[in-house]
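Good morning, and thank you for coming. Please look at the sequence and the model on the screen while I go through a few of its features.

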Amino acid sequence: MTIMQGPLTTPPPPGLDLNFVLDQAMPIVALIVLFIGLRWVLRTAVGEALAERIRMRVRGRGVGTGEEPQRVAALEEQVAQLQGQVSELAERLDFAERMLAERRERKLSAGQ
């Protein structure tokens with residue numbers, strides 16, 4: 001007595017398996033459709049708004065373009081003033097060091 005455990009399956013016919021081809025091609029087709037859709041969206045007003053927002057963020061975290069030249073000019077003026085103050089302080093420090101060195105020399109020569 002022979003017991004069968006399921007239906008007999010016939011081997012697939014030789015040649016191209018359509019299910020395999022579709023399984024392999026679907027991710028590629030999906031990526032192509034996604035890129036075409038993304039390109040279409042980015043060429044609309046929504047894409048332009050996104051691009052402008054990114055530009056503003058790169059330029060200075062939302063600072064308006066009308067304020068920037070005035071702000072840069074004010075900062076340059078402050079830097080110039082600070083450079084003048086630093087050079088004046090350097091001259092004063094140089095003078096004080098020379099005075100201290102002169103005083104030490106007098107004490108040394110007086111002690112001999």
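Arg92 and Glu88 are separated by about one helical turn, because they are four residues apart in helix 3, which covers residues 68–111. Helices here are DSSP runs of H or I with at least four residues, strands are runs of E with at least two, and both are numbered from the N terminus. The side chains of Arg92 and Glu88 meet in a salt bridge, with 3.0 Å from N to O. By a salt bridge I mean a side-chain nitrogen of Lys or Arg within 4 Å of a carboxyl oxygen of Asp or Glu. Side chains of opposite charge can pair when their charged atoms come close.

Before I continue, two remarks on the source. This is a predicted model, in which local features need pLDDT of at least 70 and side-chain atom pairs count only at pLDDT 80 or more, while totals for chains, interfaces and linings use all residues. Residues are numbered from 1 along each chain as its sequence is written, and side-chain values use heavy atoms, with hydrogens and water left out.

How accessible are the two partners? Arg92 is exposed, at a relative accessible area of 54%, and Glu88 is partly exposed, at 41%. Buried means under 20% relative accessible area, exposed means over 50%, and partly exposed lies in between, with a 1.4 Å probe and protein chains only.

How many salt bridges does this rule give? The count comes to three. Another one joins Glu102 and Arg106, whose closest N and O atoms are 3.1 Å apart. These residues also lie in helix 3, four residues apart, about one turn of the helix. Glu102 is partly exposed at 40% relative accessibility, whereas Arg106 is exposed at 52%.

In helix 2, Glu52 and Arg55 are three residues apart and therefore separated by about one helical turn. Their side chains form a salt bridge of 3.0 Å, N to O. Glu52 counts as partly exposed because its relative accessibility is 34%, and Arg55 is also partly exposed, at 42%.

Leu38 is found in helix 1, and its relative accessibility of 45% is why Leu38 counts as partly exposed. Thank you for your attention.
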